[in-house]
Amino acid sequence: MRPFMRTALSMSRLVSAHSFHLKSNATPIISHSSRSLRIPLFKLPQGVCRPNSSSEFRWFCSKSRIAAATMQNRESVSYLTQKEAAEVDEILMGPLGFSVEQLMELAGLSVATSIAEVYKVNEYKRVLVICGPGNNGGDGLVAARHLFHFGYNPSICYPKRTPKPLYAGLVTQLESLSVPFVSVEDLPLDLSKDFDIIIDAIFGFSFHGAPRPPFNDLIQRLVSLNEYKEAKQRFPVVVSVDIPSGWHVEEGDISDSSFKPDMLVSLTAPKLCAKRFHGPHHFLGGRFVPPSIVSKFNLHLPPYPGTAMCVRIGKPPQVDIAALRENYISPEFVEDNVEADPIHQFRKWFDEAIAANLREPNAMSLSTATSDGKPSSRMVLLKGFDEDGFVWYTNYGSRKAHDLAENPRASLLFFWDGLNRQVRVEGTVQKVSEEESEQYFHSRPRGSQLGAIVSPQSSVVPGRHFLIDKFKELEDRYSNGSLIPKPKYWGGYRLKPETFEFWQGQPSRLHDRLQYSPCEIEGKKVWKVERLAP
Ligand SMILES: NC(=O)C1=CN([C@@H]2O[C@H](COP(=O)(O)OP(=O)(O)OC[C@H]3O[C@@H](n4cnc5c(N)ncnc54)[C@H](OP(=O)(O)O)[C@@H]3O)[C@@H](O)[C@H]2O)[C@@H](O)CC1
Ligand SMILES: Cc1cc2nc3c(=O)[nH]c(=O)nc-3n(C[C@H](O)[C@H](O)[C@H](O)COP(=O)(O)O)c2cc1C
Ligand SMILES: Cc1ncc(COP(=O)(O)O)c(C=O)c1O
Ligand SMILES: [K+]
C-alpha cells in the first residue's frame, strides 16, 4: 500500500474539497490544511444568482425531481444547423403528424417552466415579452400565458402581428386575462426600470440578414441593457427563446450590436449559435422529439427528469453562497390552532407533508452523542410513531448504536422544505422488541434484507467488491425465495419524546416556534405549549 494517498472529491464549484490522508494503517485522517470547504464567491453580472429552489447541490442527486437538476456536459450535446432545424420542423409537422399549435404550446410551456425554475415569481414579477412575426413570437405569446398562470405579471410588445387564426387566438387568450399589449412607441426606451424579466421572442431559427424595423430598435434596447447593467444595482434579466435575436443562427453574436441574454431556452435541440452562449442559464425545452428524429439527426440530448418540461444544459451557475436564502411565506402558526397533544400535532403536519408530495417526508436527522458528549448526526427513516414514540431501524453495531448504548438520549429533526417547516423531537431511546424488528425486517424488499446482512455498518471495509461479493453469494443462497433470517445485529430503536418544537418559517425571519414540554397539573401529566423567539 502506498504510504500516502490523496483523494480529491471534485464537485463542480468546490475548488478545494476534503482531502484525505490515508496512513499505512488505513485510518483516514482529514488533513488540517484542507479541512474547510473553500467555495469561491462569484457575483453574476445580474447580481445574485438564484439558481432554483433545488439549491446548489440537488442537481448532484440523480433522483432529483427538480427539472433544472439534471445537467449535461455541453460538449456532449448536439447542435443543429439552420437547415437541419428547418428540416426537423418540416418532418415534425409533415410525416410525424404534429400541428404547429401543439409544438408551440409545448415550446411556450417549456420557456415558462424554465423561467419559473430560475427566476422565482416573488422576486421577478414584471415580465415583458417582445414577440416577433414568426413562430418564435408565437412561443413568446404562449409562454406569457403560462407565466400569467404561474403568478407573473406579463406585458406584451407584439408590433408585427401575424393575421393567422393561431396567433389571433393566442392574442385573444391573453386579452381575456387582461394581459396588457404595449406598442413600441409606448415602451420606455430604458427597459431597466419597469421590468424584472424581458423575454426575447423576436426571431428564431428562420432569422437571416440584419434585423429590420421595428425589431432593430427593440434589439438595440436590449443591447443598451448591458450598459445599464454596469451602472445599476437592479436590472431586468433577458431570456432568449431558441435564438438570441439578432444573432446569426449558426455563428452567434458576430455583429457589434448583439446583446447577451442571461438565459437561453433552446427548443427541440440547441442551434449552432448556442455554442457562443456563455450566460449562466442554458435550458432545453420542447419535450416532444420522437426517436425517429433523434436517430435521423444523430441527436445527443439530455434526458428530461421526471415530468419536467425543461432541462438545464451545462454546468449550473456559480453562486454567491452567502446570498443564497429564501424568504419563507407561510400561514401563521399560532397557539390557538395547535393540538394539545404534540403527537396529534405531529400527525397533522406529517399528513400535510405526505399530501404535499414531498420526497421522503419520513427522512429525519438523528443526532446522538457519546457519553463524553461528542455529538454526531445522520439521516434515518422514520418507520412509525405513536404515543410510545418514534421508531427507526438500523445496525446495532453502528456508530449511532454505540452512542446510544452509552448515552441513550437522542434528538430527531424533520425538515419539510416545501412547507417551510421543521420539527424537533428530543427524548430517550430504547431498542424495540425482537418481534417488532423481525416483523419489520421481513416487510423490507429482499435486496434490503440482504444488504442489512452483508453490511457491517460503520466499520471500514476493503472496497465495494467486499459488499457486492457477499451480497451475490447471499442472493444465490436465497434465490429460491426462502425466508431470509434477520441478523441479531439489526433492529429498531424507539425514541420516547420529552420535548417537541414545531417551526413554521415566516417572512423577515420572524418564524413561529411552538415548543411542547411536559408538566404536571393537579397530578396529571399535560403538555405545556410555549412560544420561542425565532
Ligand atoms: N421543432 C421546431 O422546429 C419548433 C419551432 N418552434 C419555434 O419556431 C421558431 C422558428 O419559427 P419561424 O420559422 O416561424 O421563424 P422565426 O425565426 O420565428 O421568424 C421568422 C419571421 O421573422 C422574419 N425575419 C427573418 N429575418 C428577419 C430580419 N432580419 N428582420 C426582420 N424580420 C425577419 C421573417 O420574415 P421574412 O424575412 O421571411 O419575410 C418571418 O416573418 C423556432 O426558433 C422556435 O422558436 C416552436 O414553436 C415549436 C417547435
Ligand atoms: C435519507 C436517508 C435515510 C437513511 N435511512 C437510514 C435508516 O433508516 N437506517 C440506517 O441505518 N441508515 C440510514 N441511512 C444511512 C445513515 O444516514 C448512515 O449513513 C448510517 O446509518 C450509518 O450511520 P452511523 O455510522 O452514524 O451509525 C439513511 C441515509 C439517508 C440519506
Ligand atoms: C443503511 C440503511 N438502512 C436502512 C434504511 C431504511 O431502509 P428501509 O426503508 O428499507 O427500512 C436505509 C435507507 O436509506 C439505509 O440507507
Ligand atoms: K429569440
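**Strand pairing, helices and ligand surroundings in a predicted model**

Strand β16 (residues 421-431) runs antiparallel to β17 (490-504) and is joined to β17 by eleven bridges, where two strands count as paired if DSSP finds at least two bridges between them. Helices (H or I, at least four residues) and strands (E, at least two) are DSSP runs, numbered from the N terminus. The structure is a predicted model, in which local features need pLDDT of at least 70 and side-chain atom pairs count only at pLDDT 80 or more, while totals for chains, interfaces and linings use all residues. Residues are numbered from 1 along each chain as its sequence is written, and chains are lettered from A and ligands numbered from 1 in the order in which they are written.

A residue is buried if 20 or more other C-beta atoms lie within 10 Å of its own, exposed if 12 or fewer, and partly exposed in between, with C-beta atoms placed from the backbone.

Parallel pairing is found around strand β8 (residues 263-267). Three bridges connect β8 in parallel to strand β7 (residues 237-241), and Val239 has Met263 as its bridge partner. On pairing with strand β9 (residues 281-285), β8 forms five bridges, also in the parallel sense; Met263 is partnered there by His281. In a regular strand the side chains alternate between the two faces of the sheet. In β8, Met263, Val265 and Leu267 point one way, and Leu264 and Ser266 the other. Five of the five residues of β8 are buried, so the strand is largely enclosed by the rest of the structure.

Helix α2 (residues 100-118) has 19 residues, of which 15 are buried, so α2 is largely enclosed by the rest of the structure. In helix α10 (residues 446-454), Gln449, Leu450 and Ala452 are buried. These residues cover an arc of only 155° around the axis, which puts them on the same side of α10; the arc is that of the directions from the helix axis to the C-beta atoms. Gly447 and Ser448, on the other side of α10, are exposed. The buried residues of α10 pack against α9 (434-443), α11 (464-477) and β17, contact being defined by C-beta atoms, placed from the backbone, within 7 Å.

Ligand 2 is surrounded by 16 residues, the closest being Arg378, Thr394, Ser398, Arg399 and Ser458. The elements giving two or more residues to this shell are β12 (375-381), β14 and α8 (399-406), and the largest share, five residues, comes from β12. A residue is near a molecule if its C-beta atom, placed from the backbone, lies within 6 Å of it. The shell comprises six nonpolar, six polar and four charged residues. Ala, Val, Leu, Ile, Met, Phe, Trp, Tyr, Cys and Pro count as nonpolar, Asp, Glu, Lys and Arg as charged, and the others, Gly among them, as polar. Around ligand 3 stand Leu381, Tyr393, Arg444 and Ser448.

Notes. Contact = placed C-beta atoms within 7 Å.
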